[in-house]
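Please read the following briefing alongside the sequence and the coordinates.

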Amino acid sequence: MVVRVSAGTQKLLGLKKIRVEAPMRMAYLMVSEGRCTYNCDYCTQARSAEGKEDRLSRVVWPRYELSEIVTALKKPDLEIGRICLQVTSNPASKQTALALVETFSEASFPISVSIRPETADEVGKLMDCGAERVGIAVDAIGEELFARVRSGSFGEHINLLYEAAELYPGRITTHAIVGIGESDCDLIDFIANCYSRKIGVGLFSFTPVKGTAMSKIPQPPLERYRRIQLARFLIEKDMDNIDLLSFDDDGNLLPLKELISDNSSIEASWRTSGCPDCTRPFYNERPGHEHFNVFV
Ligand code: SF4
């Protein structure tokens, strides 16, 4: 059995000596037994994506034998807080993911699994095998947008997300991508709905990657991303903060900064969000450019 290991995780696990300018306590692993059954327009693992299969977003994920990873995870001086297992959606990957979660759960690190499940039963099987959290990415926020860039029903997908959150309170995460055609208003509404159900929200900036259908679309303006980050942070802290948010007639979130006197809150809002210990270094960021998700 093989597992893909993110470039930075190779260093974290002592598999390769490389320079990674990012603090990491999360071991990022990926199961991709061939391309995904789905065809999300922004995804390097999508059915019709072109180019090498060793990428997820900007990051390269070389293959390793599972036995090498299991041995590496037993090293006594590892500074790992959690394992994050990304699973592409095809039957073989999903089956392998169950076996991997079972194997890794012996290493006594909490495990997060990021997957596109079709039923709550699939989520339950992962939990039963030892997953501590399951991430059900929604990514594209809005009925028409979801159908266009991810295919399938937004309504059914979020109903599954909410059902999982009811079954496993505090153990479900989701992802939302900023910059693929959603409105701020829909995005904030989704974020608030998630936190009211104890679903953690990991924000991503859309990142064009070669070989994907959206490779020519630019990243969103950083200023807009910062506004959404601050709104997410405030909602996570206190649902009542939703009253601080206002929108223009086109559904754009109005600047919030002047409402927050505490600079440390503003800076904290820029940090990578999602599961505990997630820094996701360079998923959206190009070295040498200002980071969308700040991890240092
Ligand atoms: S379901 Fe996930 S892995 Fe599959 S194409 Fe969509 S984003 Fe990529």
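Two strands pair if DSSP finds at least two bridges between them, and helices (H or I, at least four residues) and strands (E, at least two) are DSSP runs numbered from the N terminus. With those terms, V3 stands opposite Y64 in β5. This is a predicted model, in which local features need pLDDT of at least 70 and side-chain atom pairs count only at pLDDT 80 or more, whereas totals for chains, interfaces and linings use all residues. Residues are numbered from 1 along each chain as its sequence is written.

**Sheet**
- Eight strands form an open sheet with mixed pairing, in the order β5-β1-β2-β6-β7-β8-β9-β10.
- The edges of this sheet are β5 (63-65) and β10 (200-205), each of which pairs on one side only.
- Neighbouring strands are turned against each other by 30° on average, direction ignored, where angles run from 0 to 180 degrees between N-to-C directions and axes are lines fitted to C-alpha atoms, for helices over the stretch in contact.
- Strand β1 (residues 2-5) runs antiparallel to β5 and is joined to it by three bridges.
- β1 also pairs in the antiparallel sense with strand β2 (residues 26-31), over two bridges, and there V5 has L29 in β2 as its bridge partner.
- Strand β8 (residues 133-135) pairs with strand β9 (residues 172-178) in the parallel sense over two bridges, with V134 opposite I172 in β9.

**Helices on the sheet**
- Helix α7 (residues 184-196) packs on the sheet and touches β9 and β10 (contact meaning C-beta atoms, placed from the backbone, within 7 Å), and its direction makes about 170° with that of β9.
- Helix α8 (residues 222-237) likewise packs on the sheet, touching β9 and β10, and its direction makes about 175° with that of β10.

**Helix pair α3 and α4**
- Helix α3 (residues 91-105) and helix α4 (residues 120-129) pack at about 25°, with axes 8 Å apart.
- That makes α3 roughly parallel to α4, a label given to angles under 35 degrees, while those over 145 count as roughly antiparallel, 65 to 115 as roughly perpendicular and the rest as oblique.
- K94, L98, V101, E102 and S105 in α3 meet E122, K125, L126 and C129 in α4.

**Overall dimensions**
- The secondary structure of the protein comes to nine helices and 10 strands.
- Along its principal axes, the C-alpha trace spans about 55 × 40 × 40 Å.

Conventions: Two residues are in contact if their C-beta atoms, placed from the backbone, lie within 7 Å.
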